[in-house]
Amino acid sequence: MDLFSFVKPKNELESKPDEKQKPFVPEEMWVKCPSCNQMLLTTDLQENLYVCTRCNHHFRISAQKRLDLLADNGSFAEFDANLRSKNILDFPGYDKKLEKAEKNAAESVTCGECTIDGVKSVLCIMNADFMMGSMGTVTGEKITRAFEYATEKRLPVIVCTVSGGARMQEGILSLMQMAKTSGAVKRHSDAGLLYITVLTDPTTGGVTASFAMEGDIILAEPDALVAFAGPRVIEQTIRQKLPKDFQTSEFVMQKGFIDAVVDRGMLKETLSKLLKMHGYKEAKQ
């Protein structure tokens, strides 16, 4: 037998371990907080309602997750689920954008009737997963119908906003939804009924300039972007440097446009207290 038969070749000694022996860590197991750069376990983030356990950054969540957070289990009955956006102006490329958006969500807003801690209410939740929650004709129609239903049934309305503004692919028809929804809000108000808005990140453009800021009580999640025009547009227009944290919910609250900034974990309890404080009682079983 060769004396050196038991000696491994140098290249074999330096070879890397088999890839199969490496521990496998799925990418979806960890999430990096965009605010403090902390790596968070996905399961911990879910248990904390998608709020960073280190810096309290509120991640954006889908309409369904927010619905599960606010509405009592099994109480939500959706309105107008069959309404869908169409390319009414034959805008180039809009059909493909709608097709892509519908893979993520049915529409930019979900409206319906539910109970919140037993109090019957109308709840509208905008959805960033559908074209960044932009306001098209269907968005305005669904919100208007929800307010008209609430006025008829004498119910309070809660609207959770998240939007990039009016949808340019629908042109002036999109902008008309500002007046349309505002009219429905006014009729609801004239009937002596309560309207609460919850501003989430981001709430901008035509949505901010209409129903988002028309609530009797305006709440917001921490550090949410609340704006009409973007900061760069404003700086170029007024030729001045804007303050730090400009257009965050905390900054807007200091200027008197928002009543309270509420952590996500306290939101349902806060809404429940406000509804009952204004005389709305739990529905009879």
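I take a salt bridge to be a side-chain nitrogen of Lys or Arg within 4 Å of a carboxyl oxygen of Asp or Glu. With that cut-off I looked up Glu 148, which forms a salt bridge with Arg 187, and the closest N and O atoms are 3.6 Å apart. The pair links distant parts of the chain, since Glu 148 sits in helix H5 (residues 137–153) and Arg 187 in helix H6 (residues 171–190), 39 residues apart.

Before going on I note the provenance: this is a predicted model, in which local features need pLDDT of at least 70 and side-chain atom pairs count only at pLDDT 80 or more, while totals for chains, interfaces and linings use all residues. Residues are numbered from 1 along each chain as its sequence is written, and side-chain values use heavy atoms, with hydrogens and water left out.

**Entry: salt bridges**

For helices (H or I, at least four residues) and strands (E, at least two) I use DSSP runs, numbered from the N terminus. For burial I call a residue buried under 20% relative accessible area, exposed over 50%, and partly exposed in between, with a 1.4 Å probe and protein chains only. On this scale Glu 148 is partly exposed at 40% relative accessibility, and Arg 187 is partly exposed as well, at 44%.

I searched the whole structure and found 13 salt bridges. One that I followed up joins Arg 66 to Glu 221, with the closest N and O atoms 3.0 Å apart. Arg 66 lies in helix H3 (residues 63–70) and Glu 221 in the loop between E8 and helix H8 (231–238), so this pair ties together parts that are 155 residues apart in sequence. Both Arg 66 and Glu 221 are buried.

I then turned to Lys 241 and Glu 235, whose side chains meet in a salt bridge at 3.9 Å, N to O. Lys 241 is exposed at 73% relative accessibility, whereas Glu 235 is partly exposed at 23%. I also noted that Asp 80, Glu 141, Arg 145 and Lys 180 are joined into one network by salt bridges that share partners.

**Entry: Ser 85 and its contacts**

Which side chains does Ser 85 reach through polar contacts? I count a polar contact as a pair of N or O atoms within 3.5 Å; within protein, one must be able to donate a hydrogen and the other to accept it, and residues adjacent in sequence count only if both atoms are side-chain atoms. The side chain of Ser 85 has such a contact with that of Glu 107 at 2.3 Å, and another with that of Arg 167 at 3.1 Å. Ser 85 lies in the loop between strand E3 (77–78) and H4, and it is buried, with a relative accessible area of 6%.

**Entry: surface patches**

I build patches from residues with over 30% relative accessible area and no salt bridge, joining like charges within 9 Å and nonpolar side chains (Val, Leu, Ile, Met, Phe, Trp, Tyr) within 5 Å. Accessible areas come from the Shrake-Rupley method with a 1.4 Å probe, and for residues only the protein chains shown count as cover. A nonpolar surface patch is formed by Ile 88, Leu 89, Phe 91 and Met 168, which together have about 390 Å² of accessible area. I placed Phe 91 in the loop between E3 and H4, and at 30% relative accessibility it counts as partly exposed.

For charge, Lys and Arg count as positive and Asp and Glu as negative, while His and the chain ends are not counted; the place of a charge is NZ of Lys, CZ of Arg, CG of Asp or CD of Glu. Asp 90, Asp 95, Glu 99 and Glu 102 form a negative surface patch. Of these I checked Glu 99, which is found in helix H4 (residues 94–101) and is exposed, with a relative accessible area of 52%.

**Entry: backbone geometry**

I looked up the peptide bond from Asp 201 to Pro 202, which is cis, with omega near -10°; Pro 202 is found in strand E7 (residues 195–203). Asp 223, a residue other than glycine, has a positive phi near 60°, lies in the loop between E8 and H8, and is partly exposed at 47% relative accessibility. Arg 239 has a positive phi of about 55° although it is not a glycine; I found it in the loop between H8 and helix H9 (249–254), exposed at 76% relative accessibility.
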